[in-house]
Amino acid sequence: MTNEKTIFEKIVAGEIPCAKVYEDVETFAFLDINPNSIGHTLVITKKPFRNIFDLPDSAAESLIRSVKKVAAAVKKATNCDGLNIIMNNEKAAGQIVFHAHVHIIPRKDGDWGLHKHLTYKDGEMTEIAKKISVAIE
Ligand code: AMP
């Protein structure tokens with residue numbers, strides 16, 4: 001774990017706003033602010049583990065359980081054809097926020113490999129987050 005508070009810890013604490021889709025005792029999920037596709041969601045550990053390398057087994061289990069749950073909801077809410085589940089670990093692998101998180105990126109047939117950075121329109125982020133959140137089973 002790191003000493004400095006990560007941006008994701010601030011999100012969990014409610015100090016920074018987010019489009020939340022899910023929360024349980026150990027994990028938290030919200031929309032990525034700079035999405036690759038509409039509905040791109042991050043599932044994070046509440047505790048500030050850095051990444052896969054310092055993640056205890058119990059936290060890894062909780063994280064993957066939530067990823068499964070949220071992925072099903074993202075698929076339902078966005079009506080995507082598939083989705084990528086990605087975890088970047090360390091700078092060399094593209095990790096920017098050093099707080100363990102998993103990306104869930106919805107894909108439509110034919111858009112795989114296109115690395116876009118989209119921007120949500122006004123109100124769209126809240127609307128999609130709500131759709132995902134109500135689809136959680
Ligand atoms: P990574 O490269 O795996 O560390 O990705 C970190 C992700 O966090 C990026 O896709 C960012 O767009 C996303 N991100 C950073 N700050 C925020 C924020 N305040 N709210 C939502 N997503 C964020």
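How does the lining of the largest pocket divide by class into nonpolar, polar and charged residues? In this predicted model, local features need pLDDT of at least 70 and side-chain atom pairs count only at pLDDT 80 or more, whereas totals for chains, interfaces and linings use all residues. Residues are numbered from 1 along each chain as its sequence is written, and side-chain values use heavy atoms, with hydrogens and water left out.

The lining comprises 16 nonpolar, eleven polar and two charged residues, where Ala, Val, Leu, Ile, Met, Phe, Trp, Tyr, Cys and Pro count as nonpolar, Asp, Glu, Lys and Arg as charged, and the others, Gly among them, as polar. A pocket is defined on a 1 Å grid over the protein atoms alone, as an open set of points where a 1.4 Å probe fits, with protein on both sides within 12 Å along at least five of seven lines, and its lining residues have an atom within 4 Å of a point. The volume of the largest pocket is about 710 Å³, taken as the space filled by probe spheres set on the grid points, which are joined across faces, edges and corners. Among its 29 lining residues, Asp32, Ile33, Asn34, Leu42 and His103 are the closest to the centre.

The ligand sits in this largest pocket, a placement that requires more than half of its atoms to lie within 2 Å of the grid points. Of the 16 residues around the ligand, Asp32, Gly94, Ile96, His101 and His103 come nearest, a residue being counted if one of its heavy atoms lies within 4 Å. The shell divides into nine nonpolar, six polar and one charged residue.

Polar contacts (pairs of N or O atoms within 3.5 Å) involve ligand oxygen atoms at 2.5 Å from a side-chain N or O atom of Asp32, at 2.8 Å from a polar side-chain atom of His103 and at 2.9 Å from a polar backbone atom of Val97.

Key:
Polar contact = N/O pair within 3.5 Å; in protein donor to acceptor, adjacent residues only side chain to side chain.
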